[in-house]
Amino acid sequence: MSANTGLTNQQREFRWAMVFMSPWIVGFLVFMAGPMLWSLWLSFTDYDPLRANTAFVGLDNYRELLVDPEVRTSLWNTVFFTVFYVPGTIASGLALALLLQRVGRAVGFFRTAFYLPNITPAVAVGALFLLLLNGRDGLVNQALRAIGLPGPSWLNDPAWIKPGVILMMLWSVGSTVIIYLAALQNVPRDLYEAAEVDGAGAWHKFRYITLPMISGAIFFTLIINTIASLQLFTEVYAMFFGGQESGAAGQAALFYVIYLFRNAFEFFAMGYASALAWVLFVVIGIITVIQVKTSKRWVYYEGD
Amino acid sequence: MAVQPAPRSLVPSVSRPEAVVDTTTPDGFGPGRVMRKAVFVVALVAVTALFVYPLIWLLSASLKPPAEVFSSDFIGSEVRWDNYTRLFQMAPILTWGWNSLVVTLLGATAVTFSSAMVAFAFSYFRFRYRDGLFLLVLATMMLPGAVLMIPQFLIWDGLGLNNTLYPLWAGNLFGSAFYIFMLRQFLLTLPRELFEAARVDGAGYFRLWWNIALPLTRSALIVVFLFELKVLWTDLVRPLIFLRDVQLFTLPRGLKAIIDNPAIGGQQQWELLAAGSVLVTLPMVVLFFIFQRYFTEGIATTGSTGR
Amino acid sequence: MRARSTASGLALALIAAACGGGGAGGVGDNTPQGEEITAAPSDAQASLFVFGATYETGDEIAKTRVDRFQELYPSVDVEFSESGFEEQPFLSALASGDPPDVVNIPRNQLGTFIARGVLDPLDSCLEAEGIDMGVFYESAVEQVTVEGVAYAVPEFFNSRLWMINTKAFEDAGLNPDEFDFSDWDAIADANEKLTKGGNRPTRLGIDPKLPEFLPLWAVANGTPVISDDGMESQLDDPAVAEALEFANSLHEPAGGRTSFLDFRDTWDFFGAKNQFAQDQLAAMPMEQWYLTVLAEASPDVDLTVRPFETRDGEPITWADGNSWAIPAESQDKAAACAFIRAMTEKDAWLAAAEARAQTAKKENQPNTGVYTGNREADEEIFANLDLGEWPWLEEAVQVVRDVQEHAWSLPPSPASAQFENAYKAAGDEVMNQGTDAEQVLTQADERVQREIDRAAR
């Protein structure tokens, strides 16, 4: 073989590996690495696609960020949402997975049912919740009133807009449930049996066997959900922004990526928007690193 | 987390019944147990209703007369099919649906094959830097889309492809880290001897990929295809950024336009908004029901739901 | 190795092309020098794409004028975007080098585009087609002119006035025809008397229309939100804060803004059971086109219309409307110019008004006329209006006509989009968070002033 081509097998393998990898390499350079660097450079300019003269403004955009009240508002909104949504989705996902675990053969049916919200397009979820959360007539308030609770004005009262968004996003907990269910089903039976022999109760088993054994799955969903909720956009944008007046929601629903989007594509202030994007990147990076580092304390791996 | 190899069923279900039903209630048989069971069933039904009912309600709301949209009756005083016909008249729904179909099918196909290619590179071949490069691939999964949004807009603009459907799917020609990762896991489980035997028979690398690797990972490829179908069908961000002409909108973008435009539906004509939402969601529900096994297995394996 | 370097080379090339392409594709290279335009002959052949206007889904006012244009220029093909003006698609079109030939823009959004140089100065167009800017209302002309050069031609003229539920006022012992709207204390008192239902209102007293109408309240209090040249934000002026706080306080008797809004959301605003017909509102400042809505939906409503007043007792209105402009990169400016002329000249308006009169007569509804930006057209249209059957409307129209001469408009500003966003966001924050108005407005002022300075560079 090598006589034919003049190359060693190893070299030929390398070439062919490159050929097979080429789509990703091109994509990476053109659509990821290039853009990353470009966006970093943009963040130091005042680039506006319609203007001829782009100036290099150094750290001006970043300084502006620090004093921009809407940055503060949108960061607050985003962090608020994340802090309540992520633990909420993990806790409810786990609870539901434990519930489903006892179901038996019909678990497939329930898994499908639980996952339905996840296949509903995000825009439709937004539209659906515009209807469900309607302060006067929405189903949510109808249900609340039926059990004697007052129904807040989810869409007009700025104090209730974020809780409404959290509620909406929690509706899609199905995928988390499925992940936890799979993890639960992988916990070896004999661990439980051994514990029972020692007289362990339900809580004890949960706390010392179940939780550690699925901690890997919990860790994974923690990271994924945190990163995703810090970038929440579609559902909220569909409901409160775009062509329409934002009305009461204006500031209460302004999430960080929405503000970024506006600066980029509605004001065409792409330099500033790029700075906003990099700040987000750094924030996500820091939070993820913290989560990973502290995970060593509570995540249990099979091999340990 | 442990990796599940391909050939075995990914969902440990009734094959291990002990893992599924907890029979260790201390009460044994007796009133306590029956109570618990009842509570359990009630909880299960209630929770299931929470997930399913809103969609059913949406469907019923879309068929009600405008004044009754919010009522909790399942069927209104009359069934208004004309809500849908009105919607079709007011907005180019069919065009939108067609655009969505084009983007979704092209994009899902593109990403499946390109990711399979790259995954093959990382699984079959052995070369220096392989592991380092793969880590890089994984790292890109952490890139926030927001950082790439603006330059990608400028790139497509520079190529003159703004306001076309290309930016919505052509990025998929280059594979996607998530699917590369997933497919690589599957490919790694294929016995190397299969490939070696073919090589001995004179097969080139491409044939190894096309004739051996692909067919053997068929179910994983289907999962990738389906996941990406869902991601592309439901995407709003790319159409928002790249599309201008109303005739080019995809269904989600069109639904957003309906929300925004009081003349068409929006906040004055809730029944039309509901109808539009149903139209956007229905294809996904149908797809899901037909292929649910692939969806749920795919999530359980990879721990996620597509990019 | 080779594959990789080729790939990176390709990538770099693409990026370079995009960088350069961005400039070439965009419009920024030009300093605005209008091309020399000559009048388009009636047999001119052209194809125009009009962004920001509708034909198929438009009303007879739009269709009549377009049809008339078609008759005058039968070989010009006109296509409409069938959507209202939206900033993002327009910007995107400009950036891609694919601009519309004619664009219909709300006048208070012109500033950003003029500052970026994407709209053609219309000197040669005005001259070629004989458009005399003097026939338009002054405040409208001011909105389309920057440094003495006109960039757009005004289309409609929207003024804002007090619309009053006559019976509600009378029941509360107030005389709607003589109520002193320059006395803010009186307004506050009236608001309390007129609000019914307390925290779960069944009728709102006075709807201040915040945050959108902040500019109106501010100018009534003596200080416009922005300087006349559009370059200095005046949001930090105490008078503006005072105006915001006062207008916001009008929500109180109804239990605060949330319950206020909740109730307002239930109104059938465009329908026969609107808030005036159902006694759900006592008074609000509103654009005059709502009179047309009421005339069609509930012609027997008892409405009194009064001009908005400054605190010095002078009538004032906040006017705006849309306008027609030609993008600098438009393909066929001569045809575009002819189109603009044909859409805004007196005869076009008269034809449109006639069409409306016919429709109104057929439906046995009042003919409310049409408020164009063209003073000459307005004079003839309103001279021929017969509203005898609806005295409230007859008086209302007269009030509108009178107040048009006392109009203030938002001047064009290089950062008009950000400015609008700034005062609305500030208004929202004061209303929803209860933050001190002066504090919020000062912050907003600093920030938006930076935006303006940057945009003006």
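## Chain C: two domains

In chain C, the domain assignment gives domain 1 (35-158 + 320-401) and domain 2 (160-319 + 409-455); such bounds come from an automatic or database domain assignment. This is a predicted model, in which local features need pLDDT of at least 70 and side-chain atom pairs count only at pLDDT 80 or more, while totals for chains, interfaces and linings use all residues. Residues are numbered from 1 along each chain as its sequence is written, and chains are lettered from A and ligands numbered from 1 in the order in which they are written.

Taken over C-alpha atoms, the centres of domain 1 of chain C and domain 2 of chain C are separated by 28 Å. Their contact takes 27 residues from domain 1 of chain C and 26 residues from domain 2 of chain C, where two residues are in contact if their C-beta atoms, placed from the backbone, lie within 7 Å. On the side of domain 1 of chain C that touches domain 2 of chain C, the elements giving two or more residues are helix H4 (110-116), helix H6 (138-144) and helix H16 (391-403) of chain C. Helices (H or I, at least four residues) and strands (E, at least two) are DSSP runs, numbered from the N terminus. H16(C) has the largest share of that side, with six residues. By class, the residues of that side of domain 1 of chain C divide into 14 nonpolar, nine polar and four charged. Here Ala, Val, Leu, Ile, Met, Phe, Trp, Tyr, Cys and Pro count as nonpolar, Asp, Glu, Lys and Arg as charged, and the others, Gly among them, as polar.

## A five-stranded sheet in chain C

Let us turn to the strands. Chain C has an open sheet of five strands in the order E2-E1-E3-E12-E6, with mixed pairing; two strands pair if DSSP finds at least two bridges between them. Strand E2 (76-80) and strand E6 (152-154) of chain C are at the edges with a single partner strand each, so one side of each is left without a neighbour in the sheet. From one strand to the next, the twist averages 25°. Axes are lines fitted to C-alpha atoms, for helices over the stretch in contact, and angles run from 0 to 180 degrees between N-to-C directions.

Strand E1 (residues 46-51) of chain C pairs with E2(C) in the parallel sense over five bridges. Leu48(C) is opposite Val78(C) in E2(C), and Ala46(C) is opposite Val76(C) in E2(C). To get from E1(C) to E2(C), the chain passes through helix H2 (residues 60-72) of chain C in a right-handed β-α-β crossover. Right-handed here means that, with the strands pointing away from the viewer, the path from the first strand over the helix to the second runs clockwise. E1(C) also pairs with E3(C) in the parallel sense, over two bridges, and Phe51(C) stands opposite Val103(C) in E3(C). Helix H13 (residues 333-344) of chain C lies across E1, E2, strand E3 (102-106), E6 and strand E12 (322-325) of chain C, at about 60° to E1(C).

## A six-stranded sheet in chain C

Another open sheet of chain C has six strands, ordered E8-E9-E7-E10-E11-E13, again with mixed pairing. Its edges are strand E8 (204-206) and strand E13 (407-408) of chain C; each has a single partner strand, so one side of each is left without a neighbour in the sheet.

Strand E7 (residues 160-165) and strand E10 (residues 303-309) of chain C pair in the antiparallel sense over five bridges. Met163(C) has Val305(C) in E10(C) as its bridge partner. Helix H8 (residues 184-194) of chain C packs on this sheet, where it touches E8 and strand E9 (281-287) of chain C, and its direction makes about 170° with that of E8(C).

Chain A has 15 helices and zero strands. Its radius of gyration is 25 Å, well over the 19 Å that the globule rule gives for 304 residues, so chain A is more spread out than a compact globule. That radius is taken over C-alpha atoms, and the globule rule is 2.2 Å times the number of residues to the power 0.38. The C-alpha trace of chain A spans about 80 × 75 × 35 Å along its principal axes.

The contact between these chains takes 83 residues from chain A and 81 residues from chain B. Helix H2 (residues 9-42) of chain A gives the most to the side of chain A that touches chain B, with 18 residues. That side of chain A has 53 nonpolar, 22 polar and eight charged residues.

## Chain B: two domains

Chain B is divided into domain 1 (26-85) and domain 2 (90-302), and the C-alpha centres of these domains of chain B are 33 Å apart. Nine residues from domain 1 of chain B and eight residues from domain 2 of chain B take part in the contact. On the side of domain 1 of chain B that touches domain 2 of chain B, helix H2 (31-62) and helix H3 (82-90) of chain B each supply at least two residues. H2(B) gives the most to that side, with four residues.
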